[in-house]
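Here is a short briefing to read alongside your viewer.

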Amino acid sequence: MPIRPYRPSDAPALAALAVECARGEADFVLNPLWESADELTAEFKRFGIRPEEHLLVAEEGEGGDLQGMVGFLRRPKDSSAGMLCPIVRRKDRGRGVGGELLRAGQRLGADELGIELATAGVGTRNRAGYSLLTSHGFRPVRQAYVMKIDRAPVVPEEPIAGLAIDVAKPEDAAAILELYLACGFESRSEERMRDVLSDDRHVHAVARAGAELAAFVELETHWPQRPWVAFAGVSKERRDRGVGSALVAWLLSRQFAAGAKAGLLALSPANRTALRAYEKVGFRRFRLIDALEKRL
């Protein structure tokens, strides 16, 4: 069973394999979650890395059909990475292909990419995937819901009292960053904030009370038909008033109008306030996943 680096011509077959695994709860993995070759390409472009260096495929004999894949997603040169979990063609399961891919993936990560910490996400009902990872030293560290909305949310007809909702502008970068950091999100510089506001892989909405920024929402749109809610932040004094839900609904409705077919997000089960807020928008709990980590 040859295992080799990814080639661009592999993309359609790998996307089809990812779709097959996403259909059932017993096969679900958080990554890969591509539905097309374009989404595969966009995922690696989003991270600024080449799939040829971060992705391995197993094929049926030299030049044969693809049997499975494994790999990593990370920022360039980052020593921590998300694992593209081993996924295997249905008819090849139970033949050791997943184990061979996982071993090859760990060698790639540790020896060639310099990855020290790998995190993998598998559905809680994917017992085979969970067992494979734990048998290779991965250990569970947390859980998360993957939430999904399949239709445009209903936007409240009445605006929230005293707030004006609009698409964010470049000059909002400093104010968004201040609120972003106040909400306790991961570290981000003002330069990075400006880049995110101006690139073609994110969209933002803001709610203003006069000159004050009351709330913001950031969507990742590298998959135009399935945007991800990345961050939603509301100033402390305006929380629990439906501001965040209204802003998410407003921005997502624009994406659906532009051709989106679904919206996605990942959220801790412990964050019950946010769960209720997103369910109010129209999200449902699509999959519960276990996140597992290993130092390579």
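Arg-287 is buried but takes part in no salt bridge. The nearest side chain of opposite charge belongs to Glu-25, 4.4 Å away, and a salt bridge needs a nitrogen–oxygen pair within 4 Å. Please keep in mind that this is a predicted model.

**Around Arg-287**
- You will find Arg-287 in strand β12, which covers residues 284–295.
- Leaving aside neighbours within four places in sequence, Arg-287 is in contact with Ala-22, Arg-23, Gly-24, Glu-25 and Phe-28, along with Ala-144, Tyr-145 and Val-146.

**Around Arg-208**
- Arg-208 sits in strand β8, residues 202–209.
- The side chains of Arg-208 and Asp-172 are joined by a polar contact of 2.5 Å.

**Cysteines**
- How many disulfides does a search of the whole structure find? The search finds 0.
- For Cys-85 the reason is distance: the closest cysteine sulfur, in Cys-21, is 10 Å from its own sulfur, too far for a bond, since a disulfide calls for sulfur atoms within 2.5 Å.
- Is Cys-85 buried or exposed? Cys-85 counts as buried because its relative accessibility is 1%.
- Cys-183, at 24% relative accessibility, counts as partly exposed.

Terms used: Residues numbered from 1 in each chain as written. Predicted model: local features only at pLDDT ≥ 70, side-chain atom pairs only at ≥ 80, totals over all residues. Heavy atoms only, no water. Helix = DSSP H or I, 4+ residues; strand = E, 2+ residues; numbered from the N terminus. Buried < 20%, exposed > 50% of the residue type's maximum accessible area, 1.4 Å probe, protein only. Lys, Arg positive; Asp, Glu negative; His and termini not counted. Contact = heavy atoms within 4.5 Å. Polar contact = N/O pair within 3.5 Å; in protein donor to acceptor, adjacent residues only side chain to side chain.
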